[in-house]
Amino acid sequence: MNEYIRELYQEVILDHNKNPKNFKSLGCATHSAEGFNPLCGDKIDLALEIEGDVIKDIGFQGSGCAISKASASVMTSTIKGMTLDQAQGLFKEFQETITSDLNAEIDTEKLGKLAVFAGVREFPARVKCAALAWHTMISALDQGAKEIRTQ
Amino acid sequence: MSEFFKERVVSEPVACPIDVYDVELIREDFPILSRRVHGNKLIYLDNAATAQKPEIVIDAVSEYYGSQNANIHRGVHFLSELASGLYEEARSKIRSLINAKSDKEIIFTRGTTESINLVAFSYGRANLKAGDEVLITTMEHHSNIVPWQLICEQTGAKLRVAPIDDNGDVIFEAYQKLLSEKTKIVAMVHISNALGTINPIKKMIEAAHSVDAAVLIDGAQSTAHVSIDVQSLDCDFMAFSGHKMYGPTGIGALYGKQEFLEAMPPYQGGGDMINSVSFEKTTYAELPYKFEAGTPNIVGAIGLGRAIDYIQKIGYAKIGQHHDFLLHYAHQALSAIDKVHIIGNARNKASLVSFVLEGIHPHDIGTILDQNGIAVRTGHHCAQPVMERFKLPATTRASFALYNTKEEIDRLVEGIYGVIKIFS
């Protein structure tokens, strides 16, 4: 196994893939969206329960690769309890990280657990896998609640 | 993950046929095969997407631009005549390859997709009306679905789909039942790019003709694998691409029976496809030029001609035996891996293996194999209805060409064990 593969498939990612957090449907969802990656067929159904401006609960279902599933799992456990502004701010941070230059410093303090996804920078074809859950979350918040695509 | 494959029986291993030629000599003809990818020797198993090019094809392209380039069918000057001659020579090579009656029946296109669109929008638009039906099969590539959906939308005709069984064979009785006097066009794939199924097209064409439907065969995968005789098959149209048969990209052909092509309106208008133009009346050129508007991909056609020479030098008989050898070896080697399930176990199969690995998504498999220098295809293979049929989001596909080796399949198997280890 080479270092890039080790970097991409870190233990944390493999664990989340195997036992994803918040892999459930929500009974009392206020917002939801479906995310679809037409190139690979990855699909995610995301539902949020929002009270005031706080994400009280969040769950996802669907099928996808290890990266997209782990990303959804880490995202949901990270933004649960956050305000909408915080979640949207984190989306921007995450987006910038995974699309940043290979040599760019990763702000692990700001990103926390999300920093493990920095490994996708080495694999341009897989960036969209890591981003799918996030785009779906933003789409749910925007409440067009339409099917979104990452390409 | 699909429940489907858990209920399936893995096919019995078949005795391996013997390899028929010195593959190492063949490999020397393909410069790209000596390159490295991520520090490893390239193992190219994505041939159903596009095949690599032998040196003589690459040379043809550079020779053309280096010493033969001119526009065709126009100038009276030396180079124009030279280029026109080479272009028409390539057409004759295609005619002879598929045993068409006349060069007039060979239309150069950008590839299979454009060939199918040409038939849908020229023949389809002129011959379909509300209530008519176009029949395809479940295993079609998107390029043999979407043009028909578009033309059905415009004409009010209905698209019908012949189902396939769990092995990936068309259910012939169901296909026959779907044929009726309403069926005006049958468009079906010869060799499935997602499953490897080789359809019994001769029998299927005969059935379609018994209800007077016109038949288009999607031959995108055919010409790299099997010898084609359009007269014996009696298909009305056949579409194929150059790049899957060791030729350049952006060139392909449509075969059409002369009487069909003559009755059809032009597909695109422009230069080269006219006889004379005035604002009152334009008359169209003779076949095949009526369907070749604009300056074509001249160098592509010449390169494709060379690729045909290359295939014929080895011969379909030997290529077929080598492919069978690889297919049987791959089937045995892959099905011996715990948790691997092969999707597509048709009675008659071309040299490609689609498979899933329980609990591991094809994209993760593809990324990890790539780091080992192994190029496979992962995803839905532009055949989403096939994936839907087997209740899978995607598969991993290894597809073999005349230059692949048994050792490369061994490396693929090792690579898959590596993937399993990472995910265990």
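Okay, let's start where the chains meet: 17 residues of chain A are in contact with 14 residues of chain B, contact being C-beta atoms, placed from the backbone, within 7 Å. On the chain A side that's 11 nonpolar, four polar and two charged residues. For those classes, Ala, Val, Leu, Ile, Met, Phe, Trp, Tyr, Cys and Pro are nonpolar, Asp, Glu, Lys and Arg are charged, and the others, Gly among them, are polar.

Quick housekeeping. This is a predicted model, where local features need pLDDT of at least 70, side-chain atom pairs count only at pLDDT 80 or more, and totals for chains, interfaces and linings use all residues. Residues are numbered from 1 along each chain as its sequence is written, while chains are lettered from A and ligands numbered from 1 in the order in which they are written.

Now chain B and its domains. The assignment, automatic or from a database, gives domain 1 as 4-34 + 316-423 and domain 2 as 57-313. Their C-alpha centres lie 28 Å apart, and the contact takes 24 residues from domain 1 and 23 residues from domain 2. On the domain 1 side, α11 (316-335), β14 (352-357) and α13 (384-389) each give two or more residues; α11(B) gives the most, with four. Helices and strands here are DSSP runs, H or I of at least four residues and E of at least two, numbered from the N terminus. That domain 1 side divides into 12 nonpolar, eight polar and four charged residues.

Staying in chain B, which residues of helix α7 (residues 201-209) are buried? They're B:Ile201, B:Met204 and B:Ala208, where buried takes 20 or more other C-beta atoms within 10 Å, exposed 12 or fewer, and partly exposed is in between, again with C-beta atoms placed from the backbone. Down the axis of α7(B), these fall within an arc of 60°, so they line one face of the helix; the arc is that of directions from the axis to the C-beta atoms. Their cover includes α6 (172-178), β7 (183-189), β8 (214-218) and α8 (230-233) of chain B.

Last, over to chain A. The axes of α2 (residues 11-18) and α3 (residues 66-79) of chain A come within 8 Å and cross at roughly 85°, with axes fitted to C-alpha atoms over the stretch in contact and angles running from 0 to 180 degrees between N-to-C directions. That makes α2(A) roughly perpendicular to α3(A), a label for 65 to 115 degrees. The contact residues divide into six nonpolar, three polar and one charged.

Key. Two residues are in contact if their C-beta atoms, placed from the backbone, lie within 7 Å. Angles under 35 degrees count as roughly parallel, over 145 as roughly antiparallel, 65 to 115 as roughly perpendicular and the rest as oblique.
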